[in-house]
Amino acid sequence: MSAARARAAWQLGLALVASAAGTSHAGNCQLTVEANDMMQFNARALQVDAGCTEVQLTLRHVGKQEAHVLGHDWVLARTADVGALASAGIAAGFDKGYLPTGDKRVIAATKIVGGGEVTTITFSTANLAAGGDYSFFCSYPGHTSMMRGRFQVTGKESLAANRANPANQAAPSR
Ligand SMILES: [Cu+2]
């Protein structure tokens, strides 16, 4: 093999590696969010790919405070429902995870975690409408105004196509 051909083959190999890496990143269906003792999430916006039928979300409390002192959760809802859900959550209390039980406005929610704890949930995207306005927030009393951000589903055409196919309809999330 000539030096030129060897170099061409090596470059082709690099291109294949690059495209394979690109493919694995196209479906962004896993998210990790950190929360700290300063009442902050480490993200102001989160994106998932519309092709995801399920999203796996991990919440990591990187602070030191215990759950009942300065715990955090991660809740997903329509942006328009955040204020009312946060108020209802305070009324529900710590034992209910500061969320009203069985409330359909809650699209997904983790339990409340304290410092050093990690929790992971998986939820279906079946309840996310194309072009919907969603936010994530912490429902711990007094945290919501600081701990919230936008939740965006990117690639809306593929979400519409996904939902039009009955084979892709996931079971309702818990
Ligand atoms: Cu919080």
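Predicted model: local features only at pLDDT ≥ 70, side-chain atom pairs only at ≥ 80, totals over all residues.
Residues are numbered from 1 along each chain as its sequence is written.

Another bridge partner in E8 is Arg 150, which faces Ser 135. Strand E7 (residues 134–137) and strand E8 (residues 148–154) run antiparallel and are joined by four bridges. Helices (H or I, at least four residues) and strands (E, at least two) are taken here as DSSP runs, numbered from the N terminus, and two strands pair if DSSP finds at least two bridges between them. E8 also pairs with E2, here in the parallel sense and over five bridges; Val 48 stands opposite Val 153 in E8. These strands belong to an open sheet of five strands with mixed pairing, in the order E2-E8-E7-E4-E5. E2 and E5 are its edge strands, each pairing on one side only.

Helix H3 (82–92) comes next. Its buried residues are Val 82, Leu 85, Ala 86 and Gly 89. Because they cover an arc of only 100° around the axis, they lie on the same side of H3; the arc is that of the directions from the helix axis to the C-beta atoms. A residue counts as buried if 20 or more other C-beta atoms lie within 10 Å of its own, as exposed if 12 or fewer do, and as partly exposed in between, with C-beta atoms placed from the backbone. The cover over the buried residues of H3 includes strand E4 (75–78), E7 and E8, where contact requires the C-beta atoms of two residues, placed from the backbone, to lie within 7 Å. H3 is followed by Gly 93, with a positive phi near 90°.

Further along, Tyr 98 is found in the loop between H3 and strand E5 (108–109). Tyr 98 is a residue other than glycine with a positive phi, near 50°. It counts as buried because it has 25 C-beta neighbours inside 10 Å.

A second open sheet is also present, with three strands in the order E1-E3-E6 and mixed pairing. Strand E1 (30–35) and strand E6 (118–124) form the edges, each pairing on one side only. From one strand to the next, the twist averages 20°, with axes being lines fitted to C-alpha atoms, for helices over the stretch in contact, and angles running from 0 to 180 degrees between N-to-C directions. E1 pairs with strand E3 (residues 54–61) in the parallel sense over six bridges, and Gln 30 stands opposite Gln 56 in E3.

The loop between E1 and strand E2 (45–49) holds Met 39. Although Met 39 is not a glycine, its phi is positive, at about 60°. Met 39 is partly exposed because 18 other C-beta atoms lie within 10 Å. Asp 37 and Val 69 are 32 residues apart in sequence and 9.9 Å apart in space, C-alpha to C-alpha. Val 69 itself is found in helix H2 (residues 67–70), and it counts as exposed because it has 11 C-beta neighbours inside 10 Å.
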